[in-house]
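Reader: Could you walk me through this one, starting with whatever definition I will need before we get to any particular region?

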Amino acid sequence: MEYNLADLFESVVDVVPDREALVYVDHPGTGAERRLTYAELDAAANRIAHHLTAAGIRPGEHLGLHLYNGVEYLQTVLACLKARIVPVNVNYRYVEEELVYLYRDADLAALVFDAEFTDRVAAALPRTEKLRHLVRVGTPPDRGEGAAALDCVPFAEAEASGSPERGFGARSADDLFIIYTGGTTGMPKGVLWRQEDLFFAGLFGGDPAGEPVKRPEELAERVAAGGSGITFFPAPPLMHGTSTLTAFIALNYGQRVVLHRKYVPEEVLRTLEKEKVSSISLVGDAMLRPLVDALRGPLRGTDLSALFSLSSSGAIMSDTVRAQLQELMPNVLLLNNFGSTESGSNGRATDDSGPARGFRLHVNERTQVVDPATRAPVAPGEIGRLAQRGHVPLGYHNDPAKTAETFFERDGVRWVLLGDMATVDEAGVVTVLGRGSQCINTGGEKVYPEEVEQALKAHPDVYDALVAGVPDARWGSHVAAVVQLRPDAPPLDLEALQTHCRPRLAGYKVPRQLVLTDRIQRSPSGKADYRWARSVAVDADAADTS
């Protein structure tokens with residue numbers, strides 16, 4: 001047995017087959033839910049795996065998951081791992097052009113998608129030459145000629161056609177798992193992980209709170225020797241790598257995963273109480289502020305006595321929200337986790353992390369701050385970039401240039417150079433200064449400014465534009481467009497600009513603020529002055545709210 005995620009999952013199934021593995025609430029508030037034991041989840045994944053192999057999807061080929069949260073998401077990921085097919089997350093907010101890019105860049109051979117996205121899939125499909133097998137979850141909408149003509153297999157039919165037994169060939173620790181970034185490195189890129197490396201870097205070697213396992217067989221041995229009663233609730237979409245990895249951490253423990261189809265704060269709180277959730281993960285203030293509002297209002301008095309920890313990953317929990325949560329949940333451990341698609345986990349924020357001292361981290365032993373030019377560790381107090389060694393990805397799918405730029409070898413050890421600028425003190429505590437790029441983090445979603453700028457410049461009245469992130473109480477940052485109109489162009493307002501952008505960009509990328517200027521400031525060589533753009537947008541936002 002190797003450190004293969006399917007082998008590890010099956011080893012856990014074999015020691016706790018009758019233990020509840022998954023609780024899924026389809027439409028919060030309606031009472032509609034599904035519950036699967038480990039044996040039932042295993043059999044369900046086997047059925048889809050056998051369907052995919054019968055459909056001609058071969059080991060090493062890529063399958064996209066264009067889905068909301070649900071049983072089908074985890075079932076399909078496990079099916080891919082069992083059949084040695086490579087799962088690929090697809091951002092369900094993407095519109096046609098973005099989907100064409102991702103489907104093609106990821107070399108998708110198969111796609112499992114929610115019926116709600118039928119029209120988008122049908123529109124993108126003609127330009128995705130390698131995509132040959134489609135499985136649809138749910139009932140398709142009754143509209144659109146393209147959707148009606150879409151050749152796909154209903155998920156229920158695919159599931160019924162496959163055997164519930166295992167019967168798969170040998171697997172390897174070298175089998176791949178691809179996680180697409182949100183765009184912090186430019187356009188979204190597929191990060192290529194060996195499963196053994198992902199197990200140790202992203203899944204903590206089977207134990208986030210203790211010692212990693214030393215043998216693959218030890219994972220099931222620990223589960224058999226331990227008890228049940230821990231429930232994990234990854235509240236963000238599973239399309240984000242962090243949420244899927246949280247679910248796998250729970251499965252590695254032999255414990256229970258709770259999922260909601262969509263994030264509804266009031267229903268999240270009801271589920272925390274009903275299912276006696278032990279640990280919940282969310283993404284920054286965008287998810288946490290509505291939770292605070294619900295706890296202070298209609299859900300005041302919710303019994304959260306079973307909740308042990310609440311963590312934020314993908315976006316930082318602000319000091320204000322942290323203080324509010326600590327008041328409302330005095331016995332809950334609040335964690336700001338820090339990591340990336342390329343590194344897995346790097347560490348957690350210190351207790352004194354905040355505006356006064358900066359965003360400070362206790363990093364793991366594999367993380368350093370290095371000089372980006374020499375790749376050598378920086379001296380305390382010097383500015384460098386975060387880097388991580390050991391269990392790191394193989395690189396970026398279909399991008400050897402970016403792989404060579406980001407991954408390197410030092411003293412015979414493989415490293416990944418991250419995009420975060422940072423310093424380290426004498427005690428080894430790291431202070432993160434910010435992304436080296438101009439990527440905007442809005443509610444945990446990553447927005448690449450140049451992509452938005454290209455959409456803005458497609459407007460006939462826009463002469464030039466820059467995009468910057470502006471601090472936002474709920475979303476962390478919102479997308480602001482600083483626009484220079486063409487001479488004699490008619491007036492342009494935010495609503496008209498958003499209407500122009502929505503067919504071209506996912507909703508979270510569409511600007512929430514418009515600042516008109518007589519001239520876009522650039523360097524003599526024509527390079528964007530993002531510091532100026534952000535200053536202009538921040539000042540305009542302050543004036544609008546004063």
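Author: Let me begin with burial: a residue is called buried under 20% relative accessible area, exposed over 50%, and partly exposed in between, with a 1.4 Å probe and protein chains only. This is a predicted model, in which local features need pLDDT of at least 70 and side-chain atom pairs count only at pLDDT 80 or more, while totals for chains, interfaces and linings use all residues. Residues are numbered from 1 along each chain as its sequence is written, and side-chain values use heavy atoms, with hydrogens and water left out.

Reader: Good. Which residues of α1 are buried?

Author: In α1, the buried residues are L5, A6, D7, L8, F9, E10, S11, V12 and V13, which makes 9 of the 11 residues in this helix, running over 5-15. Helices (H or I, at least four residues) and strands (E, at least two) are DSSP runs, numbered from the N terminus.

Reader: And what do the buried residues of α1 pack against?

Author: They pack against α2 (38-54), α3 (71-83), β8 (176-180), α8, α9 and α10 (241-253), where contact means heavy atoms within 4.5 Å.

Reader: What caps the N-terminal end of α1?

Author: The cap is N4, which places a side-chain oxygen 3.0 Å from the backbone nitrogen of A6. The side chain of N4 also takes part in a polar contact of 3.1 Å with that of D175. A polar contact is a pair of N or O atoms within 3.5 Å; within protein, one must be able to donate a hydrogen and the other to accept it, and residues adjacent in sequence count only if both atoms are side-chain atoms.

Reader: Is D175 buried or exposed?

Author: D175 is buried, at 8% relative accessibility, and it sits in the loop between α7 (155-161) and β8. A polar contact of 2.7 Å links its side chain to that of R84. Apart from neighbours within four places in sequence, D175 is in contact with N4, R84, W193, R194 and Q195.

Reader: Switching to helix pairs, how do α12 and α13 pack?

Author: Helix α12 (residues 284-296) and helix α13 (residues 319-328) pack at an angle of about 35°, with axes 10 Å apart. Axes are lines fitted to C-alpha atoms, for helices over the stretch in contact, and angles run from 0 to 180 degrees between N-to-C directions. On the α12 side the residues are D285, L288, R289, V292, L295 and R296, and they meet V321, Q324, L325, E327 and L328 of α13.

Reader: How many residues of each class are in that contact of α12 with α13?

Author: There are 6 nonpolar, 1 polar and 4 charged residues. Here Ala, Val, Leu, Ile, Met, Phe, Trp, Tyr, Cys and Pro count as nonpolar, Asp, Glu, Lys and Arg as charged, and the others, Gly among them, as polar.

Reader: Now strands. Why is β14 described as largely enclosed by the rest of the structure?

Author: Strand β14 (residues 333-340) has 6 of its 8 residues buried, so it is largely enclosed by the rest of the structure. It pairs with β13 (residues 309-312) in the parallel sense over 4 bridges, and S312 has N336 as its bridge partner in β14. Two strands pair if DSSP finds at least two bridges between them.

Reader: What about β14 and β15?

Author: Those two run antiparallel, with 4 bridges joining β14 to β15 (residues 344-349), and a hairpin through 3 residues joins them. Within this pair, F338 stands opposite G347 of β15.

Reader: Which strands make up the open sheet of 3 strands?

Author: The order is β25-β26-β27, with mixed pairing. Both β25 (462-472) and β27 (513-516) are edge strands with a single partner strand each, so one side of each is left without a neighbour in the sheet. The twist averages 25° from one strand to the next. Strands β25 and β26 (residues 476-485) run antiparallel and are joined by 10 bridges, with A468 opposite A480 in β26.

Reader: Which helix packs on the sheet?

Author: Helix α17 (residues 530-545) does, touching β25, β26 and β27, and its direction makes about 65° with that of β25.
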